[in-house]
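Here are my notes for your next look at the model.

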Amino acid sequence: MVKSDKEEYETYTNPTPIVLWHGIMDTARSKENMEGIIGDIRAVIPKAHIHSLMIGVTAFGDKFNSLFMDVNKQVKLACKMILDDKKLENGYHGLGISQGGQFLRAVAQRCPHPPMFNLITLGSQHQGYYDVGQIKYHDKALYLAKHISYWVIIRSNIVVAQNWHDPIDYKTYAKKNTFIADINNEKKKKKEEYKTHLLRLKNLVLVKFTRDEKVVPLDSSWFGFYTNGQDEDITQMTESQLYKEDWIGLKELDEKGRLHLLAKAGRHLEFTTRWFKQKVVKKWLAPTYWKKEGEENPHS
């Protein structure tokens with residue numbers, strides 16, 4: 001008789017804990033999104049400790065903060081929650097959903113203790129975004145976005161502004177953006193720890209949705225973005241200064257076989273339970289760092 005997923009994985013002990021971070025306008029335990037993801041993980045790894053990050057004391061607060069709280073403060077709070085969770089003290093895997101992906105990457109870069117082993121991001125915006133939800137910033141909208149995104153009160157309280165990347169005026173973006181330009185080490189003064197800490201990951205797995213309509217360019221999920229000075233042609237990750245000069249360690253991770261690019265056909269976060277279990281849970285969350293009863297961990 002063929003063993004079921006549950007029977008097979010119940011033979012393992014001490015699974016690596018998992019930290020989740022949801023996307024914008026969502027909550028840590030939303031029935032429509034996160035509960036399904038948590039359920040799918042538990043179906044494969046029933047004994048795993050799962051910490052779904054909640055930035056706020058209520059579901060409403062968590063959703064509100066995903067839109068209107070300084071991302072740097074959110075990351076700082078997340079680091080503290082992870083540090084305070086004793087079940088995570090020996091390390092964990094990170095799974096970021098949409099903007100939760102780049103937020104968890106910031107956790108890996110800024111808060112290396114406890115260690116994050118594998119980081120998987122689904123439809124995340126690692127280079128930020130210039131267009132949102134198929135609405136291109138042109139004419140008056142572009143003028144407005146370019147100017148108000150850098151107002152102190154806006155860039156400190158509006159999440160979209162902190163993820164907004166202007167390829168037309170790259171110098172201003174790199175200088176004034178307070179989050180995405182920082183974690184990508186695009187500031188004049190580089191932070192070596194951002195690279196050192198990211199290189200501690202065993203694997204960085206980036207999932208891009210091939211018809212992602214929510215964030216443009218969709219290549220941002222793979223660290224690609226519009227070529228500076230225009231908004232039509234894309235500079236792919238391996239052709240970017242970020243990669244070539246290895247500001248955060250992407251090139252080294254790639255050369256060591258620890259950077260993985262996965263394309264999923266579909267719109268933003270459009271995937272089936274079967275795909276998620278096979279390509280994410282079993283591949284990156286379940287087998288790595290597990291051991292059978294009485295055996296040494298071959299991945300340690």
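1. The biggest share comes from helix α3 (residues 59–68), which supplies 3 residues. As for terms, a cavity is a set of points, on a 1 Å grid over the protein atoms alone, where a 1.4 Å probe fits but cannot get out, and lining residues have an atom within 4 Å of a point. Grid points are joined across faces, edges and corners, and the volume is the space filled by probe spheres set on the points. Ala, Val, Leu, Ile, Met, Phe, Trp, Tyr, Cys and Pro count as nonpolar, Asp, Glu, Lys and Arg as charged, and the others, Gly among them, as polar.

2. Please keep in mind that this is a predicted model, in which local features need pLDDT of at least 70 and side-chain atom pairs count only at pLDDT 80 or more, while totals for chains, interfaces and linings use all residues. Residues are numbered from 1 along each chain as its sequence is written, and side-chain values use heavy atoms, with hydrogens and water left out.

3. Now the overall picture. The chain has 14 helices and 12 strands, taken as DSSP runs numbered from the N terminus (helices: H or I, at least four residues; strands: E, at least two). Of its 300 residues, 53% count as buried; buried means under 20% relative accessible area, exposed over 50%, and partly exposed in between, with a 1.4 Å probe and protein chains only. Among contacts with a separation of 6 or more, 71% are between residues 24 or more positions apart, where contact means heavy atoms within 4.5 Å.

4. What does the disulfide join? Cys79 is linked to Cys111, with an S to S distance of 2.0 Å; the term covers a pair of cysteine sulfur atoms within 2.5 Å. Cys79 sits in helix α4 (residues 71–84) and Cys111 in the loop between α5 (99–110) and β5 (116–122), so the bond ties together parts that are 32 residues apart in sequence. The link of Cys79 and Cys111 is right-handed, with 90° about the S-S bond. Cys79 counts as buried because its relative accessibility is 10%. The structure holds 1 disulfide.

5. The structure holds 2 cavities of 30 Å³ or more.

6. Which residues have the most contacts inside the largest nonpolar core? They are Trp21 and Val107, in a core of 42 residues. Leaving aside neighbours within four places in sequence, Val107 is in contact with residues including Trp21, Cys79, Tyr92, Pro112 and Met116. A second, separate core has 24 residues, among them Ile38, Leu122, Trp275 and Val281. Such a core is a set of buried Ala, Val, Leu, Ile, Met, Phe, Trp, Tyr and Cys residues joined through side-chain atoms within 4.5 Å.

7. The largest pocket holds about 440 Å³ of space. It is lined by 20 residues, with Gly23, Ile24, Ser98, His268 and Leu269 the closest to its centre. The lining has 11 nonpolar, 6 polar and 3 charged residues. A pocket here is an open set with protein on both sides within 12 Å along at least five of seven lines.

8. A few backbone details deserve a look. Most residues other than glycine have a negative phi, and most peptide bonds are trans. Ser98, in the loop between β4 (92–97) and α5, has a positive phi near 50°. Phe223 also has a positive phi, near 65°, and counts as buried because its relative accessibility is 0%. The bond joining His113 and Pro114 is cis, with omega about -5°, and so is the one from Val216 to Pro217, with omega near 5°. Pro217 lies in the loop between β8 (215–216) and β9 (225–226), and Phe223 is in the loop between β8 and β9.
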